[in-house]
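Colleague: Please take a close look at one part of this model, the place where the two chains touch. Describe what meets there in plain terms.

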Protein chains: 2
Amino acid sequence: MNYDQICYEIKNKGSYLCVGLDSDLNKIPKYLLKYDDPIFEFNKIIIDNTKDLVVAYKPNLAFYEVNGSQGMRTLKKTLDYIPKNIFKIADAKRGDIGNTSLMYARTFFETFNFDAITLSPYMGRDSIDPFLEFKDKWAIILALTSNKSAKDIQSIKNLNGEQLYESIIKNSTEWSSKKNMMYVVGANREDDLLNIRKIIPDNFLLIPGVGAQGGDLKKISNLGMNENCGIIVNVSRSIIYCDDSINFGQEVRLSAMKVKNQMQEILFSSRII
Amino acid sequence: MNYDQICYEIKNKGSYLCVGLDSDLNKIPKYLLKYDDPIFEFNKIIIDNTKDLVVAYKPNLAFYEVNGSQGMRTLKKTLDYIPKNIFKIADAKRGDIGNTSLMYARTFFETFNFDAITLSPYMGRDSIDPFLEFKDKWAIILALTSNKSAKDIQSIKNLNGEQLYESIIKNSTEWSSKKNMMYVVGANREDDLLNIRKIIPDNFLLIPGVGAQGGDLKKISNLGMNENCGIIVNVSRSIIYCDDSINFGQEVRLSAMKVKNQMQEILFSSRII
């Protein structure tokens, strides 16, 4: 999926919502446990009830790997079930030496047919490069994450007073362009969003942390958006676990719809649609 | 496996060799392709021929994930096949927000029964903490890696002139102790090894990059060792792919033996054994 297609989907749907598929056997509605593959049944119902409301799904790899080979089968079936016009993000936070990164790129872009993968920048450019060589596939680099300890490392200042995450974003702009690089910025990093937009006005930002993690959608949208929207906001737990009855699909739809409607209003008032 | 057990195995075997199981369908001897699970057959022969020479095996997750659910089955079978007294390292370079890191910890320590996992420190302490809560399991934190671009990020200096990798090592000493934390330091980072030993004299270092990546065993051993050895040196490609005939097991054994004998000599001359 390329840059223009993502922009088209956002405008067409009036949504920049990504739903995180952090699907956990211990948290899904109990009635699903009678199925052969309960996690897939859960994901299927989530997808059926939200596919017209979202522009992206983001399976979190940890929740599939924990189930070993069965988890990988569930992941593959889930990816195959997601409609083609929806952006598929592997939340995997990989990053390794070149030949290993190439293997990860093949894993996520070919074996599983994801459009994008989240990556840790700690090993530098040559750990990211292999992901940038696949046509219409994306590297999403961790910049400033939403967890409490992130600042201990990501905000370390260099000799010029520049924070580590700023140095990383600046360095990375030489690796490729807005056409295949996005950045993860936590929804609770409001104070830094304007600063980030100064360095990379055009790249998409993937913003997790709205919902269970407490970020404010309107605020971060106003700070992070550009003229093409330029943000994809992820919500996981507060949508997928909003209900545990046999009718959870409808409740999930209502929860997603609420966020989507708010997004549509923001897109409208920002004159993007 | 705890700290004392690792020290015992090193002294008992006269070896601090870790063999990296970066097992790739395109690189293993062709005759293995007739088996149902060629990668497992390959790993089995490597293990049969080296288990008395090594103290650790390090499967590289990318090489298993690329084969989807079959890859996870291969990985599980491989882990089950490794003798109990050998340290099992998941080279996975994970690191995520707390609830996701906990899932990864369960994946590697419980589902697959690894003893240790490599972790990226970019997200800070709370992304590492969940791994430190499992008894006799280890977090191995990336400090200074062997790839060319690593220095772009890892050597960024802070306001006190301290490099990023030093700040991370210093910070992390507050997270736990030598009892369950090791650090990855590339074999080509000789100039920094003495410096690292000043900050963490007691922790084990996992040193990849000897062999195909060009590090010098004797030099890095002299710089990195402490009175309990304190280093585990990984060799992957130059051992596992040293031959592609039907007799590759014997050649692998000879290659591993060469490294092991050199290690034994170094342990002896350093009066560790």
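Modeller: What follows goes from the model as a whole to the contact between the chains, and then to one pair of helices. This is a predicted model, in which local features need pLDDT of at least 70, side-chain atom pairs count only at pLDDT 80 or more, and totals for chains, interfaces and linings use all residues. Residues are numbered from 1 along each chain as its sequence is written, and chains are lettered from A in the order in which they are written.

The model scores ipTM 0.96 and pTM 0.97. Chain A has a mean pLDDT of 96, with 99% of its residues at 70 or more; pLDDT is the predictor's confidence in each residue, from 0 to 100.

The contact takes 47 residues from chain A and 47 residues from chain B. Two residues are in contact if their C-beta atoms, placed from the backbone, lie within 7 Å. On the side of chain A that touches chain B, H5(A) supplies the largest share, seven residues. Helices (H or I, at least four residues) and strands (E, at least two) are DSSP runs, numbered from the N terminus. That side of chain A divides into 17 nonpolar, 18 polar and twelve charged residues. Ala, Val, Leu, Ile, Met, Phe, Trp, Tyr, Cys and Pro count as nonpolar, Asp, Glu, Lys and Arg as charged, and the others, Gly among them, as polar.

Now the helix pair. The axes of H4 (residues 68-81) of chain A and H4 (residues 68-81) of chain B come within 7 Å and cross at roughly 170°. H4(A) is therefore roughly antiparallel to H4(B), a term for angles over 145 degrees. Axes are lines fitted to C-alpha atoms, for helices over the stretch in contact, and angles run from 0 to 180 degrees between N-to-C directions. H4(A) makes this contact through A:Gly68, A:Ser69, A:Met72, A:Arg73 and A:Lys76, and H4(B) through B:Gly68, B:Ser69, B:Met72, B:Arg73 and B:Lys76. By class, the contact of H4(A) with H4(B) has two nonpolar, four polar and four charged residues.

Technical notes. Angles under 35 degrees count as roughly parallel, over 145 as roughly antiparallel, 65 to 115 as roughly perpendicular and the rest as oblique.
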